[in-house]
Amino acid sequence: AQRIIEALDTYDHPLRVPVTLESHRYEVLIGSDLISRAGAYLAPILPRKNAVVITDETVATLHLPRLMAGLAETGIQATPFVVPVGEESKSLTRYAALINDILDHGMERRTTVIGLGGGVVGDLSGFVAASILRGVPFVQIPTTLLSQVDSSVGGKTGLNARAGKNLIGAFYQPQIVLADSSALATLSRRERVAGYAEIVKAGLIADPALFKWCEAHGAEILDGDPAALAEAVNRACRFKAKVVMEDEKETAAQDGRALLNLGHSFGHALEAHFRYDGRLLHGEAVSIGLHLAAALSVKLGYCPEEDLRRLDAHLRALGMPAGLDWFDETLSADALIRSMARDKKVSDGRLSFVLMRGIGEAFTSRDVEMDTVRDVLVEAGC
Ligand code: NAD
Ligand code: MG
């Protein structure tokens, strides 16, 4: 009965995931048509009925008109600022131009910054909100599956630096997050796969029931079924909120937020190899990274081989990348290892790996020999 009530809820009232942090509490609302109804949700929260909306060119065409109409319904005056599509918008240059444009337009401390878009817009608009006039209220309206399940919970905002991705930024929490499941209908299957990999990741880390749910409903999610998407976002946000509430600023000595990097050491090395040029999406890299992390865990004797087979079977049944055979070219194990060593998670010269004792049981380890990593990469097709 609870399931039925929840499913109905999705359509009439949004699902709510509370995020309670030391000095701030907010909710992620999940459901259909939240963008069109944004005015109703935001009017009671905004200090003043005045906002700037930051979005990218694609989302501006697809979803901005609905948002502007929704805000106008409750008398919220909003001015849109549209940035180009893609990671390049998370640069200091773009940020400087944007923040100057907003200041020229006129901004005061009670004006809210609304970010409407994927993770790029979320990170950029969050950092604008954190830094303009030393901080103004911030609202996230994530429109990709990845941003709904990942970047909209946790308060990380920021930009890329010459030295690497996400090296400039701030923890800055939103007043509310509106995760509109209808917005995901316009996403490509490839973008849905990329977000879905982070959901599978959540199951593997500490939520075996979520992994099992994925095995039953993964195909519906990739096909864009709105009820399945809402439920997936609900489960994944609950999971991430729990981890973030226990370790808000990634300071836990062990495990905590670091577990969210399962598959990411490998994933980042793969992304770096393809130079973030669009040939490999972050979530696709994570999908392969999950396989490699599980294979490494098996090799080290922590994880039963059966769990690796179960993960691979799930990914491959959905046509997701699950190994280095995904690529036309043969990658160099040594180059990938060098790239992992450059990744920012190195401290004291030792790489920290997130490993698994099985599905739903991740842990961090600093005792992994690079020779073992090399063996795993070679076995996976390097
Ligand atoms: P993105 O924002 O570039 O969006 C991907 C593509 O989808 C873009 O072309 C965008 O225009 C388009 N798009 C967005 N919404 C759409 C919709 N509803 N319909 C059709 N197209 C749509 O990328 P992303 O994958 O959402 O996010 C990746 C970024 O998020 C990276 O910069 C990453 O560093 C960041 N990130 C941040 C966190 C965090 O905790 N802050 C977590 C994970 C990822
Ligand atoms: Mg990720």
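## Helices H9 and H10

In this predicted model, helix H9 and helix H10, the latter covering residues 226–246, pack with their axes 10 Å apart and at an angle of about 145 degrees. The crossing of H9 past H10 is left-handed.

On the side of H9, the contact is made by Leu210, Trp213, His217, Glu220 and Ile221. Their partners in H10 are Ala228, Leu229, Ala232, Arg235 and Phe239. By class, the residues of this contact comprise seven nonpolar, one polar and two charged.

## Helices H8 and H9

Helix H9, which runs over residues 208–222, also packs against H8: the two axes come within 8 Å and cross at roughly 170 degrees. Because angles over 145 degrees count as roughly antiparallel, H8 is roughly antiparallel to H9.

H8 contributes Arg189, Arg192, Val193, Tyr196, Ile199, Val200, Ala202, Gly203 and Leu204 to this contact. From H9 come Pro208, Leu210, Phe211, Cys214, Gly218, Ile221 and Leu222. Twelve nonpolar, two polar and two charged residues make up the contact of H8 with H9.

## Helices H11 and H12

A further pair is formed by helix H11, residues 264–273, and helix H12, residues 282–299, whose axes come within 7 Å and cross at roughly 135 degrees. That angle makes H11 oblique to H12. The crossing of this pair is right-handed.

In H11, the residues that meet H12 are His264, Phe266, Gly267, Leu270 and Glu271. They face His282, Ala285, Val286, Ile288, Gly289, Leu292 and Ala293 in H12. The contact of H11 with H12 divides into seven nonpolar residues, four polar and one charged.

Ligand 1 has 30 residues around it, of which Thr58, Gly118, Gly119, Thr144 and Ser151 come nearest. Several elements give two or more residues to this shell: helix H3 (57–62), helix H6 (119–131), helix H7 (145–151), strand S8 (164–171) and helix H8 (189–206). Helix H8 therefore takes part in the shell around ligand 1, and it also packs against H9.

Sorted by class, the shell around ligand 1 holds 13 polar, nine nonpolar and eight charged residues.

## The protein as a whole

The secondary structure of the protein amounts to 15 helices and eleven strands. Its radius of gyration is 20 Å, close to the 21 Å that the globule rule gives for 382 residues, so the protein is as compact as a globular protein of that length. Along the principal axes, the C-alpha trace spans about 60 × 50 × 40 Å.

How values were computed: Residues are numbered from 1 along each chain as its sequence is written. Chains are lettered from A and ligands numbered from 1 in the order in which they are written. This is a predicted model: local features need pLDDT of at least 70, side-chain atom pairs count only at pLDDT 80 or more; totals for chains, interfaces and linings use all residues. Axes are lines fitted to C-alpha atoms, for helices over the stretch in contact, and angles run from 0 to 180 degrees between N-to-C directions. Helices (H or I, at least four residues) and strands (E, at least two) are DSSP runs, numbered from the N terminus. Angles under 35 degrees count as roughly parallel, over 145 as roughly antiparallel, 65 to 115 as roughly perpendicular and the rest as oblique. A crossing is left-handed if the near helix is turned anticlockwise from the far one by less than a right angle, and right-handed if clockwise. Two residues are in contact if their C-beta atoms, placed from the backbone, lie within 7 Å. Ala, Val, Leu, Ile, Met, Phe, Trp, Tyr, Cys and Pro count as nonpolar, Asp, Glu, Lys and Arg as charged, and the others, Gly among them, as polar. A residue is near a molecule or strand if its C-beta atom, placed from the backbone, lies within 6 Å of it. The radius of gyration is taken over C-alpha atoms; the globule rule is 2.2 Å times the number of residues to the power 0.38.
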